[in-house]
Amino acid sequence: MKILNEMNVSFLSKSCNESFARSVVASFVLNLDPTINEIADIKTAVSEAVTNAIVHGYRMESGIIYINAKITDTNKVIIKIRDKGCGIEDVEKAMEPLFTTAPEEERAGLGFAVMQSFMDSIKVTSKPEKGTTVTMEKFIIPRAK
């Protein structure tokens, strides 16, 4: 697998930057000529990952969210969203539908489930007090030209 293109972006963990993150990743992927549904899937998954970093990773603090996106020669998009926040003690438990660490904010606990439903694969790595990285992959079906 060869990397054809790559981008990196970082921004403050503010809710207003969630839409920026969705837009910048969607714009980056446009070179692959994705369908509207493929773009919507990617935007939704990025939105969920960034929101998790803001709400759960940094909680009441401010920090930096990092996004790395790659496009491969097999039309695969690889997106890594990373924070240096509080981390996740039990990743397996956190990925269970309806689990949330912020019930007081009336969070549904569906972020990881949503990401999994819209992407081909998702991997979460985390260390308490070090942060979390969410790696998502999606294959964009080549369109006849």
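Helix H1 passes helix H2 in a right-handed crossing (the near helix is turned clockwise from the far one by less than a right angle; helices are DSSP runs of H or I with at least four residues, and strands are runs of E with at least two, numbered from the N terminus). The model is predicted, so local features need pLDDT of at least 70 and side-chain atom pairs pLDDT 80 or more, while totals for chains, interfaces and linings use all residues. Residues are numbered from 1 along each chain as its sequence is written, and side-chain values use heavy atoms, without hydrogens and water.

The residues in contact (heavy atoms within 4.5 Å) are as follows.

| Helix | Range | Contact residues |
|---|---|---|
| H1 | residues 18-29 | Glu18, Ala21, Arg22, Val25, Ala26, Val29 |
| H2 | residues 36-57 | Ile39, Ile42, Lys43, Val46, Ser47, Val50, Thr51 |

Beyond four places in sequence, Val50 touches Phe11, Glu18, Ala21, Ile65, Ile67 and Ile81.

Thr132 lies in strand S5, residues 131-139. Thr132 counts as buried because its relative accessibility is 8% (buried means under 20% relative accessible area, with a 1.4 Å probe and protein chains only). The C-alpha atoms of Thr132 and Cys86 are 8.1 Å apart, although 46 residues separate them along the chain.

Technical notes
Buried means under 20% relative accessible area, exposed over 50%, partly exposed in between (1.4 Å probe, protein chains only). Axes are lines fitted to C-alpha atoms, for helices over the stretch in contact, and angles run from 0 to 180 degrees between N-to-C directions.
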